[in-house]
Amino acid sequence: MMSKVDDSSMIDSRSGFCKSNSIFYSKRKPYPLPPNQSLDVTTFIASQAHHGRIALIDAATGRSLSYVELWKAVDSISTCLAEIGVRKGHVILILSRNSIFFPVICLAIMSLGAIITTANPLNTPQEIAKQVADSKVSLAFTTKDLVPNLATVPLLPIILIDDSSYQSTSLKVKVVATLDEMIKKEPSENRVRERVNQDDTATLLYSSGTTGPSKGVVSSHGSLIALIQNFVARIVREEREQKFLLTIPMFHIYGLASLAMFASGLTLVILPKFDLHDMLSAIEKFHVTFLPLVPPILVALINGAKQVRANYDLSSLQGVISGGAPLSKEMIEDFVERYPTVGIMQGYASTESGTGASTDSLEESRRYGTAGLLSSRLEAKIVDPETGEALSVNRRGELWLRGPSIMKGYFGNPEATATTLDSEGWLRSGDLCYIDEDGYLFVVDRLKELIKYKGYQVPPAELEALLLSHLEISDAAVIPFPDEKVGQYPMAYVVRKMGSDLSASAIMDFVARQVAPYKKIRRVAFITSIPKNPSGKILRKNLIQLSTSKL
């Protein structure tokens, strides 16, 4: 739901703020949205006019898929899925590292109106089983080495992405097909295809909440189309061929947004797993022009600039796009000094919002500390968390967002949906922000308490619940601890039970055995009591100040 302004003169052209309704409007040029409501995102992407030839390249092997081969594979896979009974509304899990087939599978699933859910390959079998049960997964795509991670859900049909000669092991898993077999299948024009509307669910991606377990974010085909159109609008269009190198995990919304490349005919070079040497070699070998990344990779490029320039030819690189956390003035200027021919852009977004704000040039990025201008077609409010009053320019409050890329809600969780989305479609971001007199968004602090480790989200409450299950721990709190290389990592303050001599290393080992590597606690301090407010809420800011005061 977008608001209408009767008198456009009420909108300040400099800030985008409308004093009649206290809404900030995007200053970006609106991107086009398809009027046809009976449209799935795969059909939309395939219908976009472009002159692209190569769609995908595997950076590790050099294997490529042309656009002709891409769409033939999508049709073949969707034919096979329909034949084995996949229908509109069925939830399909993709458990895989980056692969040139990851986006192909996504497009095939969504073409049928089925729903994608993804999982981090680093997650434990228990974490994955929990997501499978919560999202009611009907079928899973995975790789041979990740099959054991699905062994705790033995009745789940599995399609193997990478190995046509897979032999069943002692694991009680049900392999029903291989991707190689599917791609060889001739597409059928008679396959079952139900009518899909833009409002139908396309993806169910899991986002860590600040309390309790992760929640499934429901996004529609229309939301993805808006996300794709926004991304395409940001790309600098030139006559020469454009190539994006994907280092970001495709299971994440940031990586999944790479589907936008196929709507504009660009080439997507896929790095199966991140390695700095492999990334730099791929830029040189495939003449990559754009590099989406997260701040820790940017830091590595800055710190190793002398060796990088000496050993790799990065002359094709036109720009980097940073997401996941804001860049400091020092990081931006250090990067510009070392790579003067490479533009730098950054953005603010979430799984729930799809888009948020971005800087689309070095000039915009040099408004230091900003997340950028509001994304096209997006509206924002800055709301006082205490009074609910919508605030004006340069005043701090919670950022609320509304627009076509916003999620539909949380899967099977009406309570969480109601506290995040209001009846008018406003998404409460949980971030303390302000918008300045030129319309630039600044993120001051997180009202939400997520820890950002290398771009991964780590909910403190999940780790606190795990710590409290230890027989020798009476209370615990988990906070973000700043680190130049990874952004933040989880640090625990622990109250031991009387008489216990439990060590910090034993606590870290206890947690590490039960969570994915990015969630591991990497620092422990002991304390006599956890500071809390009268209602029992942990005063994390007190602990953060305590932890950093000793640096």
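Me: Is isoleucine 297 buried or exposed?
Reply: Isoleucine 297 is buried, because its relative accessible area is 8%. Buried means under 20%, exposed over 50%, partly exposed in between (1.4 Å probe, protein chains only).

Me: Where do these values come from?
Reply: The model is predicted: local features need pLDDT of at least 70, side-chain atom pairs count only at pLDDT 80 or more, and totals for chains, interfaces and linings use all residues. Residues are numbered from 1 along each chain as its sequence is written, and side-chain values use heavy atoms, leaving out hydrogens and water.

Me: OK, what does isoleucine 297 touch?
Reply: Thr247, Phe274 and Met279, leaving aside residues up to four places away in sequence. Touching, or contact, means heavy atoms within 4.5 Å.

Me: Which helix is isoleucine 297 found in?
Reply: Isoleucine 297 is in helix H9. Helices are DSSP runs (H or I, at least four residues), numbered from the N terminus.

Me: New topic. Which domains does the chain have?
Reply: Domain 1 is 12-30 + 274-446, domain 2 is 62-216 and domain 3 is 450-549. The bounds come from an automatic or database domain assignment.

Me: How many residues are in contact between domain 1 and domain 3?
Reply: Seven residues of domain 1 contact eight of domain 3.

Me: What about the area buried there?
Reply: About 590 Å², with 48% from carbon and sulfur atoms. Buried area is the accessible area (1.4 Å probe) that two parts lose on being put together, summed over both.

Key. Helices (H or I, at least four residues) and strands (E, at least two) are DSSP runs, numbered from the N terminus.
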